[in-house]
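Subject: Structure handover

Hello,

Here is the structure I promised you. Please open it alongside this email, as my notes follow directly below.

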Amino acid sequence: MTDTRDTAMPPGAARSPGPTVQSLLRTDSREVPPPLLEESYEYLGSADIDKDRYLTEEFHRLEVERVWKKVWQLACREEDIPEPGDYHVYDLADLSLIVVRTAAGEIKAFHNSCLHRGTRLCDEAGRANQLRCPFHGFTWSLEGELTDVPGRWDFPHVADADFALPEARVGVWGGFVFVNPDPDAPPLADYLGDLEKHFAPFALENRFKAIHVAKVIDCNWKVGLEAFLESYHVIATHPQLLEYLGDANTQYDVYTRTDGLPGFNRMITPQATSSPHLEPLEPQDVLDAMFRDFFPEGVGAFEVPEGESARPIVAAAMRDNLAQQTGADLSRTSDSEILDAIQYFVFPNMVPWAGVGAPLTYRFRPYGNDPHRCVFDIMMLIPLPAGVPKPKAPPVHWLGPDEDYNAAPELGGLCAVFNQDLANLPLVQRGLRSMTKPGVTLADYQEVRIRQFHQDLDRYIYGDQ
C-alpha cells in the first residue's frame with residue numbers, strides 16, 4: 001500500500017481544492033453578518049479517541065455524575081411553555097425535571113419526584129394549575145411550595161418550608177430554555193461565552209419552533225452527535241447532495257477557552273456550489289439539482305444567466321419562497337444565511353443552525369441508562385414577521401422503533417437525508433463493539449469539532465489530571 005501522507009505541511013494545514021467559504025462570501029449579494037467572516041481553526045492533535053467511552057456503563061455513569069449533573073443543557077423552547085401552568089418534562093438518564101411557567105410568568109425547573117415516596121409527578125408535557133402527586137395527592141404550587149397533604153394530621157414532622165420542591169437552575173438564551181442541576185454552576189451567560197456574539201445577528205429568540213421530531217436511535221449519544229459535526233461523510237452517505245453542496249470545502253472553526261469552561265465550534269458548508277469530488281458542473285445544473293431536492297416547484301422556472309454563479313439566483317428564489325411562507329422580511333438576509341449550512345455546536349449536546357434556509361436545531365441525549373441507545377431531537381425554527389406573537393409550539397412527534405423519517409413528512413426534503421444518517425448510526429455502534437483497534441481515528445481538519453468536544457468532555461470527566 002502506498003503511503004500518501006503529505007508530510008511537508010504542518011498538521012491540520014491541508015485543505016481541499018475548490019472555492020473556500022470565505023471566497024464565496026466575498027461574492028454575496030447582501031451584507032454578510034460579521035461572525036461568518038471569521039476563521040478560527042486550531043490544530044488540536046491527532047491522538048485516537050478511546051472506544052470504551054462509547055460502549056461502557058462505567059463511562060456512562062461518569063458522564064451522568066460529572067457532566068449531565070454539572071452543565072447547562074437545552075430543555076425546551078419558551079414557546080413550549082408560553083402560558084402560566086404550561087409545563088415540559090425533560091428526561092435524561094435518571095434525571096427528570098419539570099420545566100414550568102409559573103403564575104407570575106417566571107420559568108422554573110423542579111426535580112420530578114414527590115417528596116413523600118418518590119412518585120414521578122409529571123410525564124411528557126401538559127398544563128396544570130398545581131403539581132399533584134398521582135399516588136397519594138401531595139400537592140405543590142407552580143412556584144414549588146407545598147400546598148396540600150392529605151391526612152395532614154399524620155405528618156406533624158413535615159414542615160412546609162422543608163418540603164418545597166427542589167429546583168434546578170434555569171436560564172434562557174435565544175428563546176431556548178436551559179437547565180442545570182448544579183446550584184453552584186456559573187451563570188448561563190458565562191457558560192455560553194462568545195456564542196452570544198455569534199448569534200446576535202440571527203435573533204433565534206424571534207423564531208418559532210414549528211416542527212419537533214424525536215426518535216430513539218440504537219447508538220451511543222456521542223456516536224449520534226458526532227455524525228452531525230462534520231461534512232466528511234457526505235461523499236459516502238449523501239452522494240445525491242454532491243451536485244450542489246461543497247462538502248470538502250466546508251470551513252471548520254473551533255473556539256476554545258482557557259477558563260475551564262467548554263468552548264463552542266462551527267462549520268459552514270457552502271451550498272449552490274458543487275462538491276470538489278465531482279468534475280465541475282454548469283451553474284444551471286447546480287441550480288436544478290438543488291431545487292430538485294428542496295424546492296421542486298422551482299425546477300425549470302429559473303435560469304442562471306451566462307457567466308454567473310448559481311448561488312445568487314438560488315438564494316433569490318429561496319428567499320422569496322421563504323418570505324411568502326412565513327411573512328418575514330428577508331430582503332436584507334444574505335445569500336449565505338439562505339443557502340449555507342451554518343451549524344454551531346454548544347457543549348455538551350446542542351447543535352443550533354444560524355441560517356434561515358434550513359433553520360434546524362439538533363439535540364442528543366442518553367436514552368435512560370443504556371450506553372447503546374440515545375434520543376435524537378430535530379427541531380425546525382422559522383422566522384416570524386415583526387410583532388407577530390408566537391403560537392404555542394406543536395407537540396413533539398415521536399417516531400416509533402420501526403418508523404424512519406418518512407413517517408415525519410413535515411421534514412420535507414430532509415427525510416431522505418436523515419434516513420441515510422439513520423442507517424449508519426447503529427452500524428457504528430455495532431462496529432465499535434467488534435473493533436480490535438482501541439480507539440477511533442479523526443481527521444486533523446474535517447473532524448476537529450469532534451476532537452474539541454472530546455477534549456472538553458475530558459475536562460469534566462477527569463478534571464486537570
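The largest cavity has a volume of about 50 Å³. Please keep in mind that this is a predicted model. The structure holds 1 cavity of 30 Å³ or more. Its lining includes Tyr 191, Leu 192 and Leu 195. Pro 262, Gly 263 and Phe 264 also line the largest cavity, as do Val 346 and Phe 347. By class, that lining has 7 nonpolar residues, 1 polar and no charged.

The peptide bond from Phe 347 to Pro 348 is cis, with omega near 10°. Pro 348 sits in the loop that runs between β15 (341–346) and β16 (350–352).

**The largest pocket**

The volume of the largest pocket is about 950 Å³. Its lining takes in 46 residues. Which of them lie nearest the centre of the pocket? They are Phe 294, Gly 357, Ala 358, Met 380 and Leu 414. Helix α8 (residues 310–326) gives the most to this lining, with 5 residues. Sorted by class, the pocket lining has 29 nonpolar, 12 polar and 5 charged residues.

**The nonpolar cores**

Nonpolar side chains tend to be buried together in soluble globular proteins. Here the largest nonpolar core has 89 residues. Those with the most contacts inside this core are Trp 173, Tyr 362, Tyr 405 and Leu 411. Take Tyr 362 as an example. Leaving out residues up to four places away in sequence, Tyr 362 touches Phe 228, Gln 343, Asn 349, Met 350 and Val 351, among others. Trp 353, Phe 376, Asp 377, Ile 378 and Phe 418 are also touched by Tyr 362. Another core, of 26 residues, lies apart from the largest one. Phe 291, Val 304, Ile 313 and Ile 338 are among the residues of that other core.

**Helix α2**

Which residues of helix α2 (residues 57–68) are buried? They are Phe 59, His 60, Glu 63, Val 64, Val 67 and Trp 68. Seen down the axis of α2, these buried residues fall within an arc of 145°, so they line one face of the helix. An α-helix has 3.6 residues a turn, so residues three or four places apart point the same way.

Ala 75 lies in strand β2 (residues 73–77). Its relative accessibility is 1%, so Ala 75 counts as buried. Setting aside residues up to four places away in sequence, Ala 75 touches His 88, Tyr 90, Val 99, Val 177, Phe 178, Val 179 and Arg 363. Ala 75 and Val 89 are 14 residues apart along the chain, and their C-alpha atoms are separated by 8.2 Å.

Leu 95 belongs to strand β4. With 17% relative accessibility, Leu 95 counts as buried, because the cut-off is under 20%. Beyond its neighbours within four places in sequence, Leu 95 is in contact with Trp 68, Lys 69, Tyr 90 and Pro 181. Leu 95 and Pro 181 are 86 residues apart in sequence, yet 8.9 Å apart in space, C-alpha to C-alpha.

**Two alanines with positive phi**

Ala 93 has phi near 50°, a positive value in a residue other than glycine. This alanine sits in the loop between β3 (86–92) and β4 (95–101). Is Ala 93 buried or exposed? Ala 93 counts as buried, at 15% relative accessibility.

Ala 203 is not a glycine, although its phi is positive at about 45°. You will find Ala 203 in the loop between α4 (195–199) and β12 (207–217). Ala 203 is buried, with a relative accessible area of 18%.

**A buried arginine**

Arg 451 is in helix α11 (residues 448–462). At 5% relative accessibility, this arginine counts as buried. What does Arg 451 contact, leaving aside its neighbours within four places in sequence? The contacts of Arg 451 are Leu 44, Gly 45, Ser 46, Ala 47, Ile 49 and Leu 442. Leu 44 is 407 residues from Arg 451 in sequence. In space, the two are 7.0 Å apart, C-alpha to C-alpha.

Best wishes

Methods. Residues numbered from 1 in each chain as written. Predicted model: local features only at pLDDT ≥ 70, side-chain atom pairs only at ≥ 80, totals over all residues. Heavy atoms only, no water. 1 Å grid on protein atoms, 1.4 Å probe; cavity = no way out; pocket = protein on both sides within 12 Å on 5 of 7 lines; lining within 4 Å. Points joined across faces, edges and corners; volume = space filled by probe spheres on them. Helix = DSSP H or I, 4+ residues; strand = E, 2+ residues; numbered from the N terminus. Nonpolar A, V, L, I, M, F, W, Y, C, P; charged D, E, K, R; others polar. Core = buried A, V, L, I, M, F, W, Y, C linked by side-chain atoms within 4.5 Å. Buried < 20%, exposed > 50% of the residue type's maximum accessible area, 1.4 Å probe, protein only. Contact = heavy atoms within 4.5 Å. Arc of directions from axis to C-beta.
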